[in-house]
Amino acid sequence: MASKTINILVKIWRQNDTTAEGAFEEYPLRDISTDMSFLEMMDVLNEWLTRKGSEPIAFDSDCREGICGMCGVVVNGTAHGPQKETTLCQLHMRQFHDGDTIVIEPFRSRGFPVVKDLIVDRSALDRIIQAGGYISVNTGSPRDANTILVPQHVAETAMDAASCIGCGACAAACPNGTPMLFLGAKVSHLALLPQGKLEAKKRAIEMVLQMDRDGFGNCSNERECENVCPKGIKISNIARLNREFLKASFTLAE
Ligand code: FES
């Protein structure tokens, strides 16, 4: 199919640093190929800004293959943009039309301070993982997989949860600004498998406490997170997190 070009207007949030006041700035873009990725469109805009001596727009990306979780902004009110189960870096300009206005702003949540323009500090998610999202028990040398039997449906549920890339879109979409879909995925994929069960209680408690310390809100079943998750993580993982947390709260002292 022949590629098309479109003319668009992008309105982008510009903010110098965490404490500065931000505002939207408008940039008209002509002849944008619909074969470009969204981030390539941003690259074109930045080249143009650099050529005319203006400061380019700061935004995050790394793999540009939908696996690292670095990219992510809010496009026309939706984290990662209009295409379901797609990271921003995998979004293409064919999703937009000639004459469109595209509003681009950073992920907004109390736990994600804006660093500059579209970049937010998501290190709170790293602190939540450091609080318990790992296995520290010594499991010895690798055993034959057949000696640790895991029912297929359990393995598949754990793998689905493990596909969370930690982008933070769940917190950006939630009216309470909570990353509980992220926590639910991380707690689930470890708690479901035998290697993760030993530390399951401590993990659930510590990760939730760290989430609270970083100022995030709590889940009230809005399901916005599930709608925007680029990896299709289900909120049943939040239900599992809640069960793990309750179980741990009742029995940790035993
Ligand atoms: S840049 Fe890695 S997931 Fe988008």
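The points below take the helix contacts one by one and then turn to the pocket.

1. The structure is a predicted model.

2. Helix α5 against α7. The axes of α5 (residues 180-191) and α7 (residues 200-213) come within 10 Å, with a crossing angle of roughly 165 degrees. The two helices are therefore roughly antiparallel, and α5 passes α7 in a right-handed crossing. On the α5 side the contact is made by Met 180, Leu 183, Lys 186, Val 187, Leu 190 and Ala 191. The α7 side supplies Ala 200, Arg 203, Ala 204, Met 207, Val 208 and Met 211. By class, this contact of α5 with α7 has 10 nonpolar, no polar and 2 charged residues.

3. Helix α3 against α5. The axes of α3 (residues 152-162) and α5 come within 8 Å and cross at roughly 145 degrees. Here the crossing of α3 past α5 is left-handed. From α3, Ala 158, Ala 161 and Ala 162 meet Ala 185, Ser 188 and His 189 of α5. The residues of this contact of α3 with α5 divide into 4 nonpolar, 2 polar and no charged.

4. Helix α2 against α5. The axes of α2 and α5 come within 11 Å, crossing at roughly 30 degrees. That angle makes α2 roughly parallel to α5. The passage of α2 across α5 is a right-handed crossing. Leu 125, Ile 128 and Ile 129 of α2 meet Phe 182, Leu 183 and Lys 186 of α5. In this contact of α2 with α5, 5 residues are nonpolar, none is polar and 1 is charged.

5. Residues of α5 in two contacts. Leu 183 and Lys 186 of α5 belong to the contact with α7. Leu 183 and Lys 186 also meet residues of α2.

6. The largest pocket. Its space is about 170 Å³. What lines the largest pocket? The lining consists of Cys 68, Gly 69, Met 70, Arg 122, Ser 123, Leu 125, Asp 126, Ile 129, Ile 165, Gly 166, Phe 182 and Lys 186. By class, the lining has 6 nonpolar, 3 polar and 3 charged residues.

7. Helices at the pocket. Both α2 (123-132) and α5 supply at least two residues of the lining of the largest pocket. The largest share, 4 residues, comes from α2. Leu 125, Ile 129, Phe 182 and Lys 186 are among the lining residues, and these residues also take part in the contact between α2 and α5.

Notes:
Residues are numbered from 1 along each chain as its sequence is written. This is a predicted model: local features need pLDDT of at least 70, side-chain atom pairs count only at pLDDT 80 or more; totals for chains, interfaces and linings use all residues. Side-chain values use heavy atoms; hydrogens and water are left out. Axes are lines fitted to C-alpha atoms, for helices over the stretch in contact, and angles run from 0 to 180 degrees between N-to-C directions. Angles under 35 degrees count as roughly parallel, over 145 as roughly antiparallel, 65 to 115 as roughly perpendicular and the rest as oblique. A crossing is left-handed if the near helix is turned anticlockwise from the far one by less than a right angle, and right-handed if clockwise. Contact means heavy atoms within 4.5 Å. Ala, Val, Leu, Ile, Met, Phe, Trp, Tyr, Cys and Pro count as nonpolar, Asp, Glu, Lys and Arg as charged, and the others, Gly among them, as polar. On a 1 Å grid over the protein atoms alone, a cavity is a set of points where a 1.4 Å probe fits but cannot get out, and a pocket is an open set with protein on both sides within 12 Å along at least five of seven lines; lining residues have an atom within 4 Å of a point. Grid points are joined across faces, edges and corners, and a volume is the space filled by probe spheres set on the points.
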